[in-house]
Amino acid sequence: MRFKNIFIPVFILFSIYIQAQTNNEGQLHGNFQVDMQTYKEDSLISAPKIPEKMLLNAYANLTYSKGNFTAGIRYEAYMNTLSGYDSRYNGNGIPYRFLTYKADELEVTAGSFYDQFGNGLILRAYEEKGLGYDNAFDGVRVKYQIYKGVSVKGLVGKQRFFFDKGPGIVRGVDGEINTNELLKFMSESKTQIILGGSFVSKYQADKDPLYKLPENVGAWAARMNITRGAINFNTEYAYKINDPSADNLYIYKPGEALLISTSFSKKGFGVLLNAKRVDNMAFRSNRNAGLIDLNINYLPILTKSYTYSFLNFYPYATQSNGEMGGGAEVMYKFKKSTLLGGKYGTNISINFSRLNSLDKTAPSDTSVIGISGTLGYQSDFFTPGDELYFQDFNIEINKKFSKRFSGNFIYQNLIYNSDALRKDHKQTYVFGNTGIADMLYKINDKNAIHIELGALFTKQDMGNWIMLQAEYSIAPKWFFSLSDQYNYGNEDKDLQLHYYTAAIAYAKGANRIQIGYGRQRQGIMCVGGVCRSVPASNGFILALSSSF
Amino acid sequence: MKTILFSLFALFVVNCSIAQTNEFKLPNVDVKTMDGKKFNTSEIKNDGKPIIISFWATWCKPCVMELSAIAEKYQDWQTETGVKLYAVSIDDSKSMNRVSPFVNGKGWDYIVLLDANSDFKRAINVINVPHTFLIDGAGNVVYQHTTYAEGDEDLLYEKIKKLAKGEKINE
């Protein structure tokens, strides 16, 4: 409260100041988004009764920059949080504000900021509005370009925890060297090598009555990026000292993670190979946190991400306690005027990925796997475990048939470990086969119709589904869409339901408004391997967004 | 208290928006090129000719549709107006390594930048992809558009032609 009382006059002054400034170089920008939904109880799809009847998530960002300075704030309001988002957000306030000074080689930020070291294996702060994910740091950060090709950054902060902050203090440094810019003999080399390293430490007091827990937990990572012509090789290894936590059930084993990615590509052709191993690598600024709270690091998934809804029914989620696997993808463009390319060329992509558990053995002869207060387990670095978590094989063909007609066709074969990935103990695996045909017909320069057909076949979970979606667009402003997902294969006849949605969207420049109605199935929503569960719902939706 | 705060905030926004002109300069942020080199957004230049900046991701269907539609006409656009397109990928570390083979697989000729932790996206206030900006010869952002509908690229090109002739675009 004390803070807010000071804040108001500053706020007004700031605003007036800005108005007075507009003739100068100062710039003010921002954006805002409002999402509102009404809720109707729908016992068939187990959509619960929402006492508020209507819920709302909204935010607005404002950024002001002048010369070397940038300042920004974000106001957020959850009244109350939309169903499926964490209700600990309920309320409103200004959780994000910062001031940055940037001169040539130096950048200093005080307040809230996001950052990432390398691939994020030991540190990544970011926000993902769709998940309600925001682990921004509140503290200070300095970035400095020491020399040509050599840059470092350092930060200290606490992490955002809804409208509060987590208990742990996070300290980190990261350095990167571009050898081709730094070293004379490398400057003419066709091979480009970039090296990076980082160290992160978190402090959280030990108040545990039973265990002696490390108050300072350190983690380091090293990475390398080599490019030569069409070939690119990327790798990062991370190590974390023992960090007993709610995630690993308080075992004292150190953690590690390895990512390797290689690609070869030239015009019309690309190959990508990925491998990864994650072992006990959950890293949070509160050792007792769960869900998506207070993550310091980010463990990327390597499976393909989709925008089609049937391909997101059974998404993979990163298993921070342990996973091992890899994937491969080939992308090719059949050239114009060839047999398979036709008049306009054809794009094809084939992708395979598979993830298993880790191979775990007891830490000693007298112990068993995973006992709190012990080392937990031993694991051989090169041997994957027997339990399959996820496998995805898919083919995507993108073809333009004529000036007006084009289509995108996908086939996917999936194995999903429901028991491990969503703690669904009714069944272990879901085996799915999915087909999507997404066709676009251009009526004239501005009008187009989009038809999406989908079918998902599985004997497990909710059984078979089919869908149809039709979208009509009038460029650049109007979109009309209707869709129906029909769960005709549900074992329970009463649950063979239709899930309808209808929406109208209007976009002008950077403003967009959408009004819709939808009946949404219960499911999991994931972005990049970070997931939240979405309860079923039935109601009207209003979405407004604008950038300025 | 909260109501007061909120009304003040609303007032603040309105106050600022009134003062605001539509044109602005690009923010100054570090991103990366596809081979991992650091690239500052102040280096986005095209010798006084128009520039398109398109925010996209490999997993975003309308983004890929938009960039594919432009790709078919890009050569003609370049010969006629000298326009240059920067495709800023917001793929994070899960799919960042996929960008280069993806772009090559599609055969696109754009300058591709990687904004792996969305620093540029945040600084320029993009909410969702696709989001496209048009920059005039003097480096001012003169137009922006979110979402993609089939045919948007032709309307965008009308604006590019005007910019190339040094005319103002009115939206």
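**Close-up views of a predicted two-chain model**

**View 1. Helix 5 of chain B and its surroundings.** Helix 5 of chain B, which covers residues 152–164, has 13 residues and reaches 18 Å from its first C-alpha to its last, close to the 18 Å expected at 1.5 Å a residue. Buried within helix 5 of chain B are B:Asp152, B:Glu153, B:Leu156, B:Tyr157, B:Lys159, B:Ile160 and B:Leu163. Seen down the axis of helix 5 of chain B, these buried residues fall within an arc of 160°, so they line one face of the helix. An α-helix has 3.6 residues a turn, so residues three or four places apart point the same way. The partners against which the buried residues of helix 5 of chain B pack come from both chains: strand 23 (429–442) of chain A, and, from chain B, strand 4 (51–56), helix 2 (61–81), strand 7 (131–135) and strand 8 (140–146). Just after helix 5 of chain B comes B:Gly166, which takes a positive phi of about 85°.

**View 2. The interface between chain B and chain A.** Across this interface, 64 residues of chain B are in contact with 97 residues of chain A. The two chains, B and A, bury about 6,700 Å² between them, and 56% of that area is on carbon and sulfur atoms. Between chain B and chain A there are 23 residue pairs in polar contact, counted where both residues are at pLDDT 80 or more. The count of salt bridges between chain B and chain A is eight. A salt bridge is formed by A:Glu452 with B:Lys61, whose closest N and O atoms are 4.0 Å apart. On the side of chain B that touches chain A, the largest share, ten residues, comes from helix 1 (residues 2–19) of chain B.

**View 3. Two cis peptide bonds in chain A.** The peptide bond from A:Met79 to A:Asn80 is cis, with omega near -25°, and A:Asn80 itself is found in the loop between strand 3 (69–78) and strand 4 (91–102) of chain A. A cis peptide bond also joins A:Ala475 and A:Pro476, where omega is about -5°. The loop that holds A:Pro476 runs between strand 25 (465–474) and strand 26 (478–486) of chain A.

**View 4. Positive phi angles at A:Tyr250 and A:Asp461.** Although A:Tyr250 is not a glycine, it has a positive phi of about 60°, and this residue is found in the loop between strand 16 (231–240) and strand 17 (255–266) of chain A. A:Asp461, which is not a glycine either, has a positive phi of about 50°. The place of A:Asp461 is the loop between strand 24 (447–457) and strand 25 of chain A. With a relative accessible area of 28%, A:Asp461 is partly exposed.

**View 5. The setting of A:Gln391 in a strand of chain A.** A:Gln391 is found in strand 21 of chain A, which covers residues 378–400, and at 14% relative accessibility it counts as buried. The side chain of A:Gln391 makes a polar contact, at 2.5 Å, with the side chain of A:Arg354. Once neighbours within four places in sequence are left aside, A:Gln391 is in contact with A:Phe352, A:Ser353, A:Arg354, A:Asn413, A:Leu414 and A:Ile415.

Terms used
Residues are numbered from 1 along each chain as its sequence is written. Chains are lettered from A and ligands numbered from 1 in the order in which they are written. This is a predicted model: local features need pLDDT of at least 70, side-chain atom pairs count only at pLDDT 80 or more; totals for chains, interfaces and linings use all residues. Side-chain values use heavy atoms; hydrogens and water are left out. Helices (H or I, at least four residues) and strands (E, at least two) are DSSP runs, numbered from the N terminus. The expected span of a helix is 1.5 Å times one less than its number of residues. Buried means under 20% relative accessible area, exposed over 50%, partly exposed in between (1.4 Å probe, protein chains only). The arc is that of the directions from the helix axis to the C-beta atoms. Contact means heavy atoms within 4.5 Å. Buried area is the accessible area (1.4 Å probe) that two parts lose on being put together, summed over both. A salt bridge is a side-chain nitrogen of Lys or Arg within 4 Å of a carboxyl oxygen of Asp or Glu. A polar contact is a pair of N or O atoms within 3.5 Å; within protein, one must be able to donate a hydrogen and the other to accept it, and residues adjacent in sequence count only if both atoms are side-chain atoms.
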